Amino acid sequence: MLKRNAFLLGSALSLSLSLPGFAEDTQPTGETPAQTEQPAMTEMAKIDATGATVLASVNGDDITLGHLIAARQALPQQYQGLPNDVLIQGLLEQLIQQTVLGQAMGELSRRAEIELENQRRSMIATEKVQELISTAVTEEALQQAYDTTYAGAEPTQEYQASHILVETKDEAESLIKKLSEGADFGDLAKEFSTGPSGPNGGDLGWFGPGMMVKPFEDAVMTLEPGQVSGPVETQFGWHVVKLMDERMKGAPPLDEVREELALQIENDAVEQAVTKLLEAATIERIDLETIDPDAISNLTLLNE
């Protein structure tokens, strides 16, 4: 379906490029464009249009500016960058084509009716979700969510460490010897580490308790900033660990977690609304054990 619609739009856009208005814009300087009858709706671009402004009528079915606006928003990505002066013509032609095809169709197939019903449900549900979240996030709600999430949060110890991961203990001991002789930790990590942090000099960034496997974490906790561990074995291999720095980290400032809290508030608002609506609704379900699950892949049933 999407490919067919894209084809219709592609055809319509190709047609729009040959329309008189577009041809005049691209006519070489000094040449007189051929006199061509202008489309009846051309002058509408010059008036103060509203969403209800009729741009074309096909056998009595109106196509409004509102229809074009909605179609513009639903364009495939490859057409999003086209200028509006091209799109307005192409989209109008597309809607005219769709209208005449729809009029020629007569009654919809049962499959088309079912698909439209699902699309309508989805669009209305999306509209309701947008309505719910549009008023959910306020400064008061953000502050309340922040206080609830981070109230009484105890500062936690965090560590910044680098490591070199190798396959054997002998390799780890050899690297420790090189370090004791003055080799640069980052250079050795780039050359010898088999871990994904190797190209970055072994840098693991900041992490807190429980974020690393226990033998690694235990080794880090015994180090002072600047110190290098002995060989540390984990399921990943043998590590040489260097503690770069440590800090106590408390609750983040509100602005740092604003987007995260806003998303949480929106999700909570939708979840609460859905729960309330479900509780108030009369819902009757069939026992799904009586239905063959493979039936949902049987497209022929859409015609019954």
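How many aromatic pairs does the count come to? It comes to 3 aromatic pairs, taking rings of Phe, Tyr and Trp (its six-membered ring) as paired if their centres lie within 6.5 Å, with planes under 30 degrees apart called stacked, over 60 edge-to-face and the rest tilted. Keep in mind that this is a predicted model, where local features need pLDDT of at least 70 and side-chain atom pairs count only at pLDDT 80 or more, while totals for chains, interfaces and linings use all residues. Residues are numbered from 1 along each chain as its sequence is written, and side-chain values use heavy atoms, with hydrogens and water left out.

View A. Y146 and Y150 are both buried (buried is under 20% relative accessible area, exposed over 50%, partly exposed in between, with a 1.4 Å probe and protein chains only).

**View B. An aromatic cluster of Y159, F207 and F216.** Here the Y159 and F207 rings have centres 6.3 Å apart and planes at 40 degrees, so they make a tilted pair. Y159 comes from strand 3 (residues 156-166) and F207 from strand 4 (residues 203-207), so the pair ties together parts 48 residues apart in sequence. Y159 is buried at 9% relative accessible area, and F207 is buried too, at 3%.

**View C. R258 with its partners E139 and D255.** The structure has 8 salt bridges, each a side-chain nitrogen of Lys or Arg within 4 Å of a carboxyl oxygen of Asp or Glu. R258 meets E139 at 2.8 Å, N to O, and D255 with closest N and O atoms 2.9 Å apart. Since R258 is in helix 11 (residues 258-280) and E139 in helix 7, the R258–E139 pair ties together parts that are 119 residues apart in sequence. R258 is partly exposed, at 25% relative accessible area, whereas E139 is exposed at 52% and D255 is exposed at 60%.

View D. D218 is partly exposed at 32% relative accessible area, and K214 is exposed at 57%.

Methods: Helix = DSSP H or I, 4+ residues; strand = E, 2+ residues; numbered from the N terminus.
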